[in-house]
Amino acid sequence: MREGKVVIVGGGIAGASLAYALGRRGGPEVVLVEAERTFGQHSTSRNAAILRTAIEADATRRLARETAAFLADPPADFGEHPLLEACGLIVSEGRPKDPAPIWTHDANEGTVQRLTPSELARRAPHAQPRGARAWWLPGDGKIDIAALLDGFLRGAREAGVELLSGTPVTSLLRRPDGLSGGLSGGLSGGLSGGLSGGLSGGLSGGVRGVELADGRQIEADWTVVAAGGWAAALGAGAGTRMDLEVTRRHLLVTGIDVSVDETWPVVWDDRAGWYARPESGGLLICACDQTVVDPDALAADTDVKLAVARKVAEHLPRFADAPAAHFWAGLRTLTADDVPLVGADADVPGLFWLAGLGGHGMTISEAVGRTAADLLVGTPVDAELEHALRPNRRCVPAPNA
Ligand SMILES: Cc1cc2nc3c(=O)[nH]c(=O)nc-3n(C[C@H](O)[C@H](O)[C@H](O)COP(=O)(O)OP(=O)(O)OC[C@H]3O[C@@H](n4cnc5c(N)ncnc54)[C@H](O)[C@@H]3O)c2cc1C
């Protein structure tokens, strides 16, 4: 195992998955630093917990399918609870003449099946999605987020990773400009492996760890930004800019309703923009709203409830009068091409990105952390995947991304 120290900023699903994957390699000294008292308090515990592998972007879909395999069959020592309830997922999409989505092309036998209208009605009698076609993904479903996060954190701790919570990182420690040559030389025999070439041409002096709110400093060879909605701001402090857009999305859970069948699948209507699945005796519903926000000013907007109500009236009519038991908002940090940023910063030596998981953080959780760990320790990663994940790819943001 190579030498070196890694500090991970952010104890959501991304940071926890990386800590677990590095811990399993038994190698580098790793510290995971979380601002809040408890891990996973932000997007990781405010999402819909859906495993949806029907994703357009190739690299993200690949990470999703690898994670799906992990969730269905985790290592024996990962935990006692199943991680996945494979209740199945229906995607309704397109207009009649649209080509079939890309994720239907390269699916393995049986993992994506076309549904006839009568099969759709049988599987989801409560829903009236608008898409011209419906697809059935029997292996997708609901993830037990608490069990997944707990498994990552416990596995990391048992492997010797130091877990710090309630300790915000206030800044990234900078090396004086001009030291990058010496740094990359030192790292090339250590953690950097295949990355050292890219780093040696760094434009700044680089990052050498973090400073915490209590004044402590943690020196590290690699500083990983896994800070969800706060990632871009942290990176900007080190002089690097990433194409990350922080957006808000809401979820609503109806009150307990005896007409909800707990075995109903997830129904996702890509065309009309909503999804729903059973939750806690009611129905969890999302109107797929998206607004750019300041992560420090996240608050639920009650106007969005009206948007949910309109979609429910049209597509889930039997729940038109259902009361809302819970309504909340969370952050989705988007990249322009819907592929996360994973890898060493090309301009700032010592800085590594694990951010921009968008609306897929749970779905890609295991594979994105494991791939980041591979890159950090120098284990070969498929070149196409590594290329797609490069944080400095600087794709032009799509107008409505
Ligand atoms: C409404 C909604 C529904 C969603 N539904 C799904 C779904 O069904 N399936 C799916 O796959 N994905 C879904 N997602 C997306 C998923 O939740 C995210 O992709 C995922 O949680 C991102 O994880 P993360 O670890 O990057 O971010 P986070 O969970 O936000 O973790 C980042 C952590 O970094 C910490 N941090 C930030 N700054 C600092 C600092 N300076 N010092 C120390 N710590 C810091 C934060 O406190 C936080 O704990 C949904 C998201 C939303 C909002």
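Which residues does Thr335 touch, not counting those up to four places away in sequence? I opened the notebook with that one, keeping in mind that this is a predicted model. I got Asp243, Leu244, Leu341, Gly356 and Arg393.

Next I checked where Thr335 is. I found Thr335 in the loop between β19 (324-334) and β20 (341-344). Thr335 has a relative accessible area of 7%, and the cut-off for buried is under 20%, so I put it down as buried. Its side chain reaches the backbone nitrogen of Asp338 at 3.2 Å.

Then the nonpolar cores. The largest has 57 residues, and Ile8, Leu18, Leu22, Leu148, Phe352 and Leu354 have the most contacts inside it. Helix α1 (residues 13-24) gives the largest share, eight residues. I noted a second, separate core of 24 residues, with Val33, Leu212, Val225 and Ala227 among them.

On to the rings. I have nine aromatic pairs in the structure. Trp103 and Trp135 have ring centres 6.2 Å apart and planes at 75 degrees, so I logged the pair as edge-to-face. Trp103 comes from the loop between β5 (89-93) and β6 (113-115), while Trp135 is in strand β7 (residues 133-137), 32 residues apart. Trp103 is buried at 2% relative accessible area, and Trp135 counts as buried at 9%.

Last, charges over rings. Arg114 lies over the face of Trp135, 5.6 Å from the ring centre. For Trp136, I found the charged end of Arg123 over the ring, 4.0 Å from its centre.

How values were computed:
Residues are numbered from 1 along each chain as its sequence is written. This is a predicted model: local features need pLDDT of at least 70, side-chain atom pairs count only at pLDDT 80 or more; totals for chains, interfaces and linings use all residues. Side-chain values use heavy atoms; hydrogens and water are left out. A nonpolar core is a set of buried Ala, Val, Leu, Ile, Met, Phe, Trp, Tyr and Cys residues joined through side-chain atoms within 4.5 Å. Buried means under 20% relative accessible area, exposed over 50%, partly exposed in between (1.4 Å probe, protein chains only). Helices (H or I, at least four residues) and strands (E, at least two) are DSSP runs, numbered from the N terminus. Contact means heavy atoms within 4.5 Å. A polar contact is a pair of N or O atoms within 3.5 Å; within protein, one must be able to donate a hydrogen and the other to accept it, and residues adjacent in sequence count only if both atoms are side-chain atoms. Rings of Phe, Tyr and Trp (its six-membered ring) pair if their centres lie within 6.5 Å; planes under 30 degrees apart count as stacked, over 60 as edge-to-face and the rest as tilted. A charge sits over a ring if NZ of Lys or CZ of Arg is within 6 Å of the ring centre and within 35 degrees of the ring normal.
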